[in-house]
Amino acid sequence: MEASNVPALRQQGAVSAAKSHGPAGGEYLTFRLGSEEYGIDILKVQEIRSYEQPTRIANAPDFIKGVVNLRGVIVPIVDLRLKLGCPSAEYNSFTVVIVLNVKNRVVGAVVDSVSDVLELNRDVIRPAPELNAASVDTSFITGIGAVGERMLILMDIEGLMSSADMGLMEAAIAA
């Protein structure tokens with residue numbers, strides 16, 4: 001899979017019709033981690049690239065796979081399966097890296113596959129479930145999108161990538 005720009009996904013008819021002007025609605029890039037489907041704000045996505053083995057960084061947490069050189073920019077690569085506690089899956093031809101622009105920093109997120117771009121109306125988005133915070137961290141879940149039979153877990157990807165345990169945004173936060 002070659003690098004693709006997100007607008008191309010829209011041109012291929014991947015956008016579902018459901019206009020929204022509400023604060024909870026908007027366009028989401030959907031992707032899979034195992035059997036679950038997630039959605040992130042399309043405005044945070046810079047591009048989608050095929051997976052390439054990153055250069056490992058010594059003493060980095062398991063979920064930080066390493067770094068790649070993306071047109072002269074050194075980009076840290078985070079495996080979202082490992083970060084979110086999903087069972088690890090094999091890297092295959094569907095495995096992609098979603099290149100994100102988070103707080104003016106470029107970060108790559110490894111996912112099993114990218115599904116499509118959906119425009120969600122606020123009336124199809126439900127609040128994140130309230131769970132015991134000691135056992136389940138739901139702070140990066142902004143809601144659950146119900147699209148037909150599909151359930152999308154909507155994520156605050158900027159909050160996740162800039163969380164302290166990621167260690168990716170210290171320079172950006174200090175600036």
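Residues 7–23 keep a pLDDT under 50, pLDDT being the predictor's confidence in each residue, from 0 to 100. For this stretch the model has 30 contacts (heavy atoms within 4.5 Å) beyond four places in sequence. Where pLDDT is low, the predicted coordinates should not be read in detail. This is a predicted model, in which local features need pLDDT of at least 70 and side-chain atom pairs count only at pLDDT 80 or more, while totals for chains, interfaces and linings use all residues. Residues are numbered from 1 along each chain as its sequence is written, and side-chain values use heavy atoms, with hydrogens and water left out.

**Confidence**
- Residues 171–175 also stay under 50 in pLDDT, and here the model has 2 contacts beyond four places in sequence.
- Across the protein chain the mean pLDDT is 81, with 76% of residues at 70 or more.

- An open, mixed sheet is built from 6 strands in the order 8-1-2-11-10-9; two strands pair if DSSP finds at least two bridges between them.
- Strand 8 (113–120) and strand 9 (125–126) are at the edges with a single partner strand each, so one side of each has no neighbour in the sheet.
- Strand 10 (residues 141–147) runs antiparallel to strand 11 (residues 150–155), with 6 bridges between them.
- I144 has I153, in strand 11, as its bridge partner.

**A closer look at I125**
- I125 belongs to strand 9.
- With a relative accessible area of 13%, I125 is buried (under 20%; exposed is over 50%, partly exposed in between, with a 1.4 Å probe and protein chains only).
- I125 and L154 are 29 residues apart in sequence, and their C-alpha atoms are 8.7 Å apart in space.

Notes. Helix = DSSP H or I, 4+ residues; strand = E, 2+ residues; numbered from the N terminus.
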